[in-house]
Amino acid sequence: MKKILGANIARYRKEIGLTQRELAERLNISCQAVSKWENGQTAPDLYLLPSIAELLHVSTDRLMGCFHRFDPVNDYESRYNTDEYYWGVKPSYMCLKILELLPPDRSLSVLDIGCGEGKDAVFLARCGYRVSAFDATEIGVEKTKRLA
Ligand SMILES: C[S@@+](CC[C@H](N)C(=O)[O-])C[C@H]1O[C@@H](n2cnc3c(N)ncnc32)[C@H](O)[C@@H]1O
């Protein structure tokens, strides 16, 4: 991690044409400290990271080399981006349990958080529950409406 961070500091510093001395001056630290970070000998104090990131015009994530992390919303968007229903259109077992334990009644409300493409929300609404559903993906919400 120390090496990645140091290499990123050097990379983004050079990209914006800042010398080690200039970066050090703006952070109010010694030039040797910056040099040691970039060589991977030491790492900056945690509290300095936001200032370094701001000066280098990158996020702290990017500075730490974490920008390839799994992005759940984009991942689901791409799974849903076909005419097929990725999770199918049959309700899950949980819906059958709800039917069994709390038989449908207009006074019963269901909140489906992360409804995906809506198979459960639409099924439960058809059964007679008052259903509210939402999903982080636009395409999921769109397909839920289509299914309804
Ligand atoms: C495993 S899928 C399940 C979809 C659906 N419940 C089903 O069984 O078909 C999880 C869903 O949660 C959604 N999701 C994840 N985080 C969310 C958040 N913070 N707010 C709303 N939806 C979210 C994802 O977009 C994804 O569609």
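Predicted model: local features only at pLDDT ≥ 70, side-chain atom pairs only at ≥ 80, totals over all residues.

Me: Thank you. Which residues does T137 touch, leaving out residues up to four places away in sequence?

Reply: T137 touches V73, Y76, E77 and Y80.

Me: And where is T137 found?

Reply: T137 belongs to the loop between strand 2 (130-134) and helix 9 (138-147).

Me: Is T137 buried or exposed?

Reply: T137 counts as buried, because its relative accessibility is 1% and buried means under 20%.

Me: Now the ligand. What surrounds the ligand?

Reply: The residues around the ligand are Y76, Y80, W87, G114, C115, G116, K119, D120, F134, D135, A136 and T137. By type, this shell consists of six nonpolar, three polar and three charged residues. Helix 6 (72-80) and helix 8 (119-127) each supply at least two residues of the shell.

Me: Which polar atoms lie 3.0 Å from an oxygen or a nitrogen atom of the ligand?

Reply: A polar side-chain atom of K119 is 3.0 Å from an oxygen atom of the ligand. A polar backbone atom of A136 is 3.0 Å from a nitrogen atom of the ligand. On its own, the ligand has 600 Å² of accessible area, and the protein covers 66% of that.

Me: Back to helix 8. Which of its residues are buried?

Reply: They are K119, D120, A121, V122 and L124. The cover over these buried residues includes helix 7 (93-101), strand 1 (109-113), strand 2 and helix 9. Just after helix 8, G128 has a positive phi of about 115 degrees.

Me: Changing topic: how many aromatic pairs are in the whole structure?

Reply: A search finds four aromatic pairs. One of them is a tilted pair of Y76 and W87, at 6.4 Å centre to centre with 45 degrees between the planes. Y76 is in helix 6 and W87 in the loop between helix 6 and helix 7, so this pair ties together parts 11 residues apart in sequence.

Me: Why is the pair of Y86 and W87 edge-to-face?

Reply: The pair is edge-to-face because the ring planes of Y86 and W87 stand at 90 degrees, and over 60 counts as edge-to-face. Their centres are 4.8 Å apart.

Me: Which residues do ring pairs link into a cluster?

Reply: The cluster consists of Y76, Y80, Y86 and W87. Among them, Y76 counts as partly exposed at 32% relative accessibility, as does W87 at 43%.

Key
Residues numbered from 1 in each chain as written. Heavy atoms only, no water. Helix = DSSP H or I, 4+ residues; strand = E, 2+ residues; numbered from the N terminus. Buried < 20%, exposed > 50% of the residue type's maximum accessible area, 1.4 Å probe, protein only. Contact = heavy atoms within 4.5 Å. Near = heavy atom within 4 Å. Polar contact = N/O pair within 3.5 Å; in protein donor to acceptor, adjacent residues only side chain to side chain. Areas by Shrake-Rupley, 256 points an atom, 1.4 Å probe, with all protein chains shown as cover. Nonpolar A, V, L, I, M, F, W, Y, C, P; charged D, E, K, R; others polar. Phe/Tyr/Trp six-rings, centres within 6.5 Å; stacked < 30°, edge-to-face > 60°.
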